[in-house]
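Reader: Could you show me the model, and then talk me through its core and its aromatic rings?

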Amino acid sequence: MKKEILGLFLLGASSVFALDAHARFGAITNASSYNKEEKTFENYAPTVSLELTQTLLLADVGVGIAYNGKTSGTDIETIPAYGLVKVNLFPIAIKPYLVGKVGKVLYTRDNVSRSNPDGDYFYGAGVGMDIFSLQGEVLYSVTKIDGDRRGNDDLKQVSFTLGYNFF
């Protein structure tokens, strides 16, 4: 009996220190580009992210950094760094989850003349699914922009990403 308890303790302790790293690629679009007649989004741009997470009970906590390209209509690209919490709904081989992200925008670039936007903070919420080492996620995010002369202080975007857990 003592050997089984010791074995379970060592198995649990070894998983406590295991980090997961996810490289993700996808597309991001301006939330206002949704065409209600065609029921589709328009004006996609690339998005790339890297996330490190640690599993704690039914949730994963971690950090990430992303590159969000320029979409038509906004012409602003950002690089946010963020903390994240993923709540695993039922952790088996196929794991659906809810995710929340909050962070700071490290870099902002705009091609509009006389506009010097400065990204302030970033937050988002979404849903996703882990299937073995693969990951898919849909995220609605808001980036607070200061100094954008077009008058819009919030950059609202929807991203669709696919990723791979490489350790």
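Author: What follows covers confidence, the core and the ring pairs. This is a predicted model, in which local features need pLDDT of at least 70 and side-chain atom pairs count only at pLDDT 80 or more, while totals for chains, interfaces and linings use all residues. Residues are numbered from 1 along each chain as its sequence is written, and side-chain values use heavy atoms, with hydrogens and water left out.

Reader: Where is confidence lowest, and where is it highest?

Author: Helix α1 (residues 2–16) is lowest with a mean of 52, and strand β5 (residues 59–68) is highest at 93; pLDDT is the predictor's confidence in each residue, from 0 to 100. Where pLDDT is low, the predicted coordinates should not be read in detail.

Reader: Which residues make up the largest nonpolar core?

Author: Eight residues do: Ala-66, Tyr-82, Leu-84, Tyr-97, Val-99, Val-105, Phe-122 and Leu-139. Such a core is a set of buried Ala, Val, Leu, Ile, Met, Phe, Trp, Tyr and Cys residues joined through side-chain atoms within 4.5 Å, where buried means under 20% relative accessible area with a 1.4 Å probe, protein chains only.

Reader: Is Tyr-82 buried or exposed?

Author: Tyr-82 is buried, at a relative accessible area of 6%, and Phe-122 is also buried, at 4%.

Reader: How many aromatic pairs are there?

Author: There are three, counting rings of Phe, Tyr and Trp (its six-membered ring) whose centres lie within 6.5 Å. In one of them, the ring centres of Tyr-82 and Phe-122 are 5.7 Å apart with planes at 35 degrees, so the pair is tilted, given that planes under 30 degrees apart count as stacked, over 60 as edge-to-face and the rest as tilted.

Methods: Buried means under 20% relative accessible area, exposed over 50%, partly exposed in between (1.4 Å probe, protein chains only). Helices (H or I, at least four residues) and strands (E, at least two) are DSSP runs, numbered from the N terminus.
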